[in-house]
Amino acid sequence: MEKLRKSLKAYVIALVLFVALAVLVNFTGFRETWTFGSLLVIMSISSLVLGMMEGRIFQKRGLLAGGAAAVFFLAIILVSVQGLFAEEFSLGKTGWLYLIPVAAGSLGGICGVNHKT
């Protein structure tokens, strides 16, 4: 039960970080043509942080723990955004680019497992 509570806390922290960075980019003089690239960078940073926290929680199999956490995190974000702003769920031609945040989450999981407390 303790791992579940810590894992839920990690997801909340990652979501808050994602929303804070997205709002920061949205209300600055950032070019609109770079919006998708900035979204990928923000998701990668949030997934990296989430992967590090999940790796620290589970202390084993950091690649798997961080990658799975990043996939679930991306699913939460994409389903909620698609549900709010789109008529049907579609990743489009750039769907393979979402592997970048998954790789960042996996790297974060490896770093989290190997981090000394």
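I am working with a predicted model, in which local features need pLDDT of at least 70 and side-chain atom pairs count only at pLDDT 80 or more, while totals for chains, interfaces and linings use all residues. Residues are numbered from 1 along each chain as its sequence is written, and side-chain values use heavy atoms, with hydrogens and water left out.

**Entry 1: the core**

I began with the largest nonpolar core, which has 17 residues. For my own reference, such a core is a set of buried Ala, Val, Leu, Ile, Met, Phe, Trp, Tyr and Cys residues joined through side-chain atoms within 4.5 Å. Buried here means under 20% relative accessible area, exposed means over 50%, and partly exposed is in between, with a 1.4 Å probe and protein chains only.

Which residues have the most contacts inside the core? I noted Phe-18, Met-43, Leu-50, Phe-73 and Tyr-98. At least two core residues come from each of H1, helix H2 (35–58) and helix H3 (62–85). Helices in my notes are DSSP runs (H or I, at least four residues), numbered from the N terminus.

Leaving aside neighbours within four places in sequence, Phe-18 is in contact (heavy atoms within 4.5 Å) with Leu-39, Ile-42, Met-43, Ser-46, Phe-73 and Ile-77. Phe-18 counts as buried because its relative accessibility is 10%.

**Entry 2: the ring pairs**

How many aromatic pairs does a search of the whole structure find? The search gives three. Rings of Phe, Tyr and Trp (its six-membered ring) pair if their centres lie within 6.5 Å; planes under 30 degrees apart count as stacked, over 60 as edge-to-face and the rest as tilted.

I looked up two of these pairs. Tyr-11 and Phe-72 sit edge-to-face, with 5.6 Å from centre to centre and 85° between the planes. This pair links distant parts of the chain, as Tyr-11 is in helix H1 and Phe-72 is in helix H3, 61 residues apart. Tyr-11 counts as buried at 14% relative accessibility, whereas Phe-72 counts as partly exposed at 49%.

Next I went to helix H4 (residues 99–114), where Gly-112 is found. Is Gly-112 buried or exposed? Gly-112 is buried, because its relative accessible area is 0%. Beyond neighbours within four places in sequence, Gly-112 is in contact with Met-52, Gly-55, Arg-56 and Gln-59.

Ser-106 is also in helix H4 and counts as buried at 13% relative accessibility. With neighbours within four places set aside again, Ser-106 is in contact with Gly-62, Leu-63, Gly-66 and Gly-67.

**Entry 3: the loop between H2 and H3**

Gln-59 has phi near 60° and lies in the loop between H2 and H3. Gln-59 is partly exposed, with a relative accessible area of 38%. Arg-61 lies in that loop too, has phi near 50° and is exposed at 63% relative accessible area.

**Entry 4: the surface of H1**

The structure holds one salt bridge, meaning a side-chain nitrogen of Lys or Arg within 4 Å of a carboxyl oxygen of Asp or Glu. Glu-2 forms this bridge with Arg-5, and the closest N and O atoms are 2.5 Å apart. Both residues lie in helix H1, three residues apart, about one turn of the helix. Glu-2 counts as partly exposed at 42% relative accessibility, and Arg-5 is partly exposed at 48% relative accessible area.
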